Amino acid sequence: MRIDNRTARWLWLSAQGLASSPTGPLDVLTIIRDLGFVQLDTIRNVARAHHHILWSRNQNYREPMLNRLLADERSIFEHFTHDASVLPMDFYPMWKRQFRRLQEKISRSNFYSSPLNQSEIAAIKQRIEREGPLSTHAFDTKVIGKKKMWARPPHKKALDHMWYAGELATSHRENFTKFYDLAERVIPDEHLSHEVSDAAQIDWLCREALDRLGFGSTGDIQRFWAAVSAKEARDWAKENAGELVEVELETADRKWIKAFAPQDIDTRIARLQPPTSRLRILNPFDPVIRDRSRLSRLFGFDYRIEIFVPAAKRIWGYYVYPLLEGDRFVGRVELKADRKAGILKVIQIWPEEGVKWTMNRSGKLHAELGRLQKLIGAAKINWHCPEP
């Protein structure tokens, strides 16, 4: 079965909630479930990544909504996919192998190896048991030796080690500061006590990844959750070959590559509608663009975030947002918010090669900037560059 490039783009955007107009009734938990997870990020350049990702799917979303699901409703939990993320709480039993995998990985790593002895680590856990949820600010151990980027004090390493292992869980966040509590006080018992075999967890993770990808290689499947190994993904595909549809995908540069698709791929293609023509400002951590190789293969869009690149060596800018219009990436824009002053700043804008910046496209960008302005509560938009 062959899938041309445009159809592949439509499938991917549809599977990830960007094909339809981001309006209508809002159900935040359903958005997270449909995506599988939403990545968290501390940087608030305009809006933090998790808020921006959810807002891109439904622009009725507002920032306090996510913590209510985490802290009040307990309908989502935090853990690590390829990075810190939130997942639906009912996924928890299928995530237990990830606790074990990360505990084993951290035990072999010097990065999270705390110099605290076992009695000191136990004392940290006892304080949480006795006092309730605590953040890293409740402890006062200091970084030992030369301070480097990502250096962590011993208590922070111990807290995170227990969090990765599933002994502790995120209770809530205050201004993005994480509060740790005992897992049994955060995770409902029906999920905490539900045991599923490792083989069943692998099967679920691979099937659910392919369902949300719409199509993909075993590498795509493995990278989706980052909770199975490359070998486990390959073995799963071999064991379930009779239930998978082998397809050939046309890439943006007109090459054909092999991949797998779910059994209902014909139905998915038959139901496809053209993606909304509105212009979207996507977050750099949006799931549609997170896998840069997949992004390049499907859209011919070469994108890297340059927040860790020295200013003099940046090609674009510190925090640059891709611009999606329909099924094409038509440009990128550098934005910055001054929330105290109530200003959204447009620093620079670059159309992609071959894209003509028409009045219609300009109007779409201004409309999207206005919507983003509402999300962050800014009073005005300041342009620091001319439009193309």
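**Strand pairing and helix packing in the predicted model**

Strand 5 and strand 7 (residues 177-182) run antiparallel and are joined by two bridges. Here strands (E, at least two residues) and helices (H or I, at least four residues) are DSSP runs, numbered from the N terminus, and two strands are taken to pair if DSSP finds at least two bridges between them. The structure is a predicted model, in which local features need pLDDT of at least 70 and side-chain atom pairs count only at pLDDT 80 or more, while totals for chains, interfaces and linings use all residues. Residues are numbered from 1 along each chain as its sequence is written, and side-chain values use heavy atoms, with hydrogens and water left out.

Within this pairing, Ser135 has Phe179 of strand 7 as its bridge partner. The two strands belong to an open, antiparallel sheet of three strands in the order 5-7-6. Strand 5 (134-135) and strand 6 (168-174) are the edges, each with a single partner strand, so one side of each has no neighbour in the sheet. Two helices can be followed across this sheet. Helix 6 (residues 118-131) lies across strand 5, strand 6 and strand 7, and runs at about 85 degrees to strand 7. Helix 7 (residues 154-164) lies across strand 6 and strand 7, at about 60 degrees to strand 7. For these angles, axes are lines fitted to C-alpha atoms, for helices over the stretch in contact, and the values run from 0 to 180 degrees between N-to-C directions; contact means heavy atoms within 4.5 Å.

Strand 3 (residues 76-80) is joined to strand 4 by five bridges in the antiparallel sense, and the two form a hairpin with three residues between them. Phe77 has Leu87 of strand 4 as its bridge partner. Strand 2 (residues 38-39) also runs antiparallel to strand 4, over two bridges, with Gln39 opposite Ser85.

Strand 8 (residues 245-250) likewise has two partners to look at. Strand 1 (residues 2-3) runs parallel to strand 8 and is joined to it by two bridges, Ile3 being paired with Leu249. With strand 9 (residues 256-261), strand 8 pairs in the antiparallel sense over six bridges, and Val247 stands opposite Ala259. Five residues separate strand 8 from strand 9 in their hairpin, and in the turn Arg254 has a positive phi of about 70 degrees.

Turning to the helices, helix 11 and helix 12 (residues 230-239) pack at an angle of about 125 degrees, with their axes 9 Å apart. Thr218, Ile221 and Gln222 of helix 11 make the contact with Ala230, Ala233, Arg234, Trp236 and Ala237 of helix 12.

Helix 15 (residues 292-299) has Arg292, Arg294, Leu295, Leu298 and Phe299 as buried residues. Seen down the helix axis, they fall within an arc of 160 degrees, so they line one face of helix 15; the arc is that of the directions from the axis to the C-beta atoms. Their cover includes helix 1 (5-15), helix 10 (198-213), helix 11 (218-225), helix 14 (287-290) and strand 12 (328-338). Gly300, with a positive phi near 65 degrees, follows helix 15.

How values were computed. Buried < 20%, exposed > 50% of the residue type's maximum accessible area, 1.4 Å probe, protein only.
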